[in-house]
Amino acid sequence: MRHTRIIVTHYGGPDALRVVEDECPEPKDGEVRVRVLAAGVCLPDIMAREGVHPETPPLPFTPGWDLVGEVDRLGNGVFGIEPGQVVAALPIHGAYADFVCLPQRELVPVPSGLDAAEAVSLVLNYITAYQMLHRSAKVKSGQRVLIHGAAGGVGTALLQLGRLAGLEMYGTCSSRSAPAVSDLGGIPIDYAHQDFVKEVHRLTSEGVDVVFDPIGGTHLWDSRKALRPGGRVVGYGLRSSLRGEGLASGRPGRRQRFRGTAIFGLFIAGGWLLPGRKRVVPYSIQTLKRLKPEFFRQDLIALFDLLQQKKINPLIAQRFPLAEARHAQELLEKGGVIGKIVLVRNRSSLGSAAAALAASEIAAS
Ligand SMILES: NC(=O)c1ccc[n+]([C@@H]2O[C@H](COP(=O)([O-])OP(=O)(O)OC[C@H]3O[C@@H](n4cnc5c(N)ncnc54)[C@H](OP(=O)(O)O)[C@@H]3O)[C@@H](O)[C@H]2O)c1
């Protein structure tokens, strides 16, 4: 059987993405083949395509951090899971494909009746937001937080989960995204036209308890200035590596996985050494998952529960078919996207997935 997947042929711009058709992968011992129903499109995919994300694989590779799919075939030695069951996973790369083979231990069951695109939003963005709030910052009701990139995939998840936790929230965003940030309970600060440090001190006088910073570089230092004494910056991204000199597009690409990480170390050390009890701490979903896989599973189950109870409502900016992955990444890079872009397989409702699949197989026979 053949299937479609996307590959990155060189480190660089969107032209590095190719649609290819090849043999469907066969599950090895202990693996499960999953038919992908929804794969998330995120900034880390773009950073890996550019060769500047710490998790960038060697070329050629299939991008795609997060997926929701249906169990299709079991390898030897796999028990306790059935074909047709809907599962979620964070493979870090490989999700931009019709089929993926993954070790059984990587799969988390998805409750029935959820929309695949909404469910996949939880796997990377909401876990990142949830773990930063509750495991890194350990926020308490009534605390003040500043969320950078508040209208983006992780940013909107932080706003929704921060509201549930009873936080007072400020969010940097572009002016076009300000209404979305206000709707989610954040006080918008226009990052392009306002000095966020001054603005935070004007609005709060002493500063905020926590800043969530996905920008990295010297931006971390400005974020530290927005803290009250005793506060902490949770640094979780190096978006700044996609700017100016760091952008590999249009140049012969190289893998530069650790660009930007040294400066991170410097700011973490500075946070401990300088007066003011203001810390900079790093967060990485993949590192925490490798060290504590049970946290990832527990937190994803808790988030599926919140989604089922409609206490969270992932914003889906747009759904694209898999073959249009390049357009999806171009849209995300252009900016102004509110929420998550998702690559979907035909219909994305989990309830209807089996029926849609049966119908397509009848039509093909
Ligand atoms: N450490 C981890 O485990 C982890 C996990 C997931 C994601 N991440 C990181 O999280 C970040 C966000 O990812 P995403 O997929 O949510 O991206 P996204 O959906 O593209 O969101 C990024 C947002 O940042 C805004 N932005 C751009 N420049 C900004 C600036 N200077 N100040 C404030 N906001 C700015 C953009 O606003 P406009 O478009 O309106 O300009 C956009 O809303 C990335 O850096 C990614 O690597 C880290």
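Predicted model: local features only at pLDDT ≥ 70, side-chain atom pairs only at ≥ 80, totals over all residues.
Salt bridges are considered first. Side chains of opposite charge can pair when their charged atoms come close. Across the whole structure, a search finds 20 salt bridges. In one of them, the side chains of R2 and E23 meet with a distance of 3.3 Å from N to O. This pair links distant parts of the chain, since R2 belongs to strand β1 (residues 2–8) and E23 to strand β2 (residues 17–23), and the two residues stand 21 residues apart. R2 has a relative accessible area of 47% and is therefore partly exposed. E23, with a relative accessible area of 48%, is likewise partly exposed.

A salt bridge is also formed by R49 and E50, whose closest N and O atoms are 3.0 Å apart. The setting of this pair is described by the accessibility of each partner. R49 counts as buried because its relative accessibility is 0%, which falls under the 20% limit for a buried residue. E50 is buried as well, with a relative accessible area of 0%.

The side chains of D209 and R228 form a further salt bridge, with 2.5 Å between N and O.

The nonpolar residues are considered next. In soluble globular proteins, nonpolar side chains tend to be buried together. The largest nonpolar core in the model has 59 residues. Within this core, the residues with the most contacts are L158, L161, F212, L300, L303 and F304. Helix α2 (residues 116–136) provides the largest share of the core, namely 13 residues. When residues up to four places away in sequence are not counted, L300 touches A88, V108, L122, V123 and I127. Another core, of 33 residues, lies apart from the largest one. V34, I46, L107 and V337 are among the residues of this other core.

The ligand is surrounded by 26 residues, of which the closest are S174, Y191, Y236, I285 and G336. Several helices take part in this shell: α1 (43–50), α2 and α3 each supply at least two of its residues. The most is given by α1, with 3 residues. In the side chain of Y191, an N or O atom is 2.4 Å from an oxygen atom of the ligand. A backbone N or O atom of I285 lies 2.7 Å from a ligand oxygen atom, and a backbone N or O atom of L43 lies 3.2 Å from a ligand oxygen atom. On its own, the ligand has 940 Å² of accessible area, and the protein covers 91% of this area.

Two individual residues complete the description. Q286 is located in helix α8 (residues 285–291). With a relative accessible area of 10%, Q286 is buried, because this value is under 20%. The side chain of Q286 is joined to that of E55 by a polar contact of 3.4 Å. Apart from residues up to four places away in sequence, Q286 touches H53, E55, W65 and I92.

G166 is found in the loop between α3 (153–164) and β9 (168–173). The relative accessible area of G166 is 34%, and the residue is therefore partly exposed. G166 and K140 are separated by 26 residues in sequence, while their C-alpha atoms are 7.7 Å apart in space. If neighbours within four places in sequence are left aside, G166 is in contact with S141 and G142.

Terms used:
Residues numbered from 1 in each chain as written. Heavy atoms only, no water. Salt bridge = Lys/Arg side-chain N within 4 Å of Asp/Glu carboxyl O. Helix = DSSP H or I, 4+ residues; strand = E, 2+ residues; numbered from the N terminus. Buried < 20%, exposed > 50% of the residue type's maximum accessible area, 1.4 Å probe, protein only. Core = buried A, V, L, I, M, F, W, Y, C linked by side-chain atoms within 4.5 Å. Contact = heavy atoms within 4.5 Å. Near = heavy atom within 4 Å. Polar contact = N/O pair within 3.5 Å; in protein donor to acceptor, adjacent residues only side chain to side chain. Areas by Shrake-Rupley, 256 points an atom, 1.4 Å probe, with all protein chains shown as cover.
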